[in-house]
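I'll jot down what I look up as I go.

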Amino acid sequence: MTPQQNPNTNDSNRHMLRHALATIAYRGSKSMGGATDEFARFRATESTRTPAELLAHLGDLMDWCLSQAQGAPKWQPVPPLPWTEGKARFFAALKSFDDFLASDAPLQFSAEKMFQGPIADALTHIGQIAILRRIASTPIKGENFVAAEIAEGRVGEDQAPARKEF
């Protein structure tokens, strides 16, 4: 088995995945913070997802990623919830996955594949929510994310304040 085929060969992969989850939480918190149920129903065009649909998909992605890591991949979409409940589900799913990564349980799926699939997809959808905020006339402030205080294990909705907004 090559290192790429063996999901447990590089412990630094777990740390990178945990940092990616913390980044998702930070950016998600910024994109979702202060949004209302009215925004959750906003549809830019007939063919775009609403923010609530994107948020439900984000929760689905994190649940799927955890199931992959545990060796029992299962895609199980959940219908959109009211905005506050959808955010709670999403951040709870992030925490469950992060808790697994913080444990000694072996990864049963390639970290690289989890990153290139559901984790990268989550970052895309968080960006879509941020764009929809601007289109819906409820923009968030831009920020230098390199300067952001993002920490492994901090995957809840409560995040450090922005260090360098613009």
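This is a predicted model: local features need pLDDT of at least 70, side-chain atom pairs count only at pLDDT 80 or more; totals for chains, interfaces and linings use all residues.

**Entry 1: how α3 and α5 lie**

The helices are α3, residues 51-69, and α5, residues 111-135. Their axes come within 10 Å and cross at roughly 165°. An angle over 145 degrees counts as roughly antiparallel, so I noted α3 and α5 down as roughly antiparallel to each other. I looked up the handedness too: α3 passes α5 in a left-handed crossing.

**Entry 2: who meets whom**

Next I wanted the residues in that contact. On the α3 side I listed Pro51, Leu54, Leu55, His57, Leu58, Leu61, Met62, Trp64, Cys65, Gln68 and Ala69. On the α5 side I have Met114, Pro118, Ile119, Asp121, Ala122, His125, Ile126, Gln128, Ile129 and Leu132. What kinds of residues make up the contact of α3 with α5? I get 16 nonpolar, four polar and one charged.

**Entry 3: the core**

Then I turned to the largest nonpolar core, which has 35 residues. Leu21, Ile24, Met62, Phe90, Leu94 and Phe97 have the most contacts inside it. Which helices supply at least two residues each? I wrote down α1 (11-32), α2 (37-40), α3, α4 (83-102) and α5. The biggest giver is α3, with nine residues.

**Entry 4: Met62**

Met62 had now turned up in the α3 list and among the core residues with the most contacts, and I checked its partners. Leaving out neighbours within four places in sequence, Met62 is in contact with Leu21, Ile24, Phe90, Ala93, Leu94, Phe97, Pro118 and Ala122.

**Entry 5: Phe97**

Is Phe97 buried or exposed? It is buried, with a relative accessible area of 0%. Not counting residues up to four places away in sequence, Phe97 touches Leu21, Met62, Cys65, Leu66, Ala69, Met114 and Ile119. I also looked up a distance: the C-alpha atoms of Phe97 and Ser47 are separated by 31 Å, and these two residues are 50 residues apart along the chain.

**Entry 6: Ser31**

Last, I picked Ser31, in helix α1. Ser31 has 4% relative accessibility and counts as buried, because the cut-off is under 20%. Skipping residues up to four places away in sequence, I found that Ser31 touches Ile126, Ile129, Ala130, Arg133 and Ile140. Two of these names, Ile126 and Ile129, I already had from the α5 side of the contact with α3.

Notes
Residues are numbered from 1 along each chain as its sequence is written. Side-chain values use heavy atoms; hydrogens and water are left out. Axes are lines fitted to C-alpha atoms, for helices over the stretch in contact, and angles run from 0 to 180 degrees between N-to-C directions. Helices (H or I, at least four residues) and strands (E, at least two) are DSSP runs, numbered from the N terminus. Angles under 35 degrees count as roughly parallel, over 145 as roughly antiparallel, 65 to 115 as roughly perpendicular and the rest as oblique. A crossing is left-handed if the near helix is turned anticlockwise from the far one by less than a right angle, and right-handed if clockwise. Contact means heavy atoms within 4.5 Å. Ala, Val, Leu, Ile, Met, Phe, Trp, Tyr, Cys and Pro count as nonpolar, Asp, Glu, Lys and Arg as charged, and the others, Gly among them, as polar. A nonpolar core is a set of buried Ala, Val, Leu, Ile, Met, Phe, Trp, Tyr and Cys residues joined through side-chain atoms within 4.5 Å. Buried means under 20% relative accessible area, exposed over 50%, partly exposed in between (1.4 Å probe, protein chains only).
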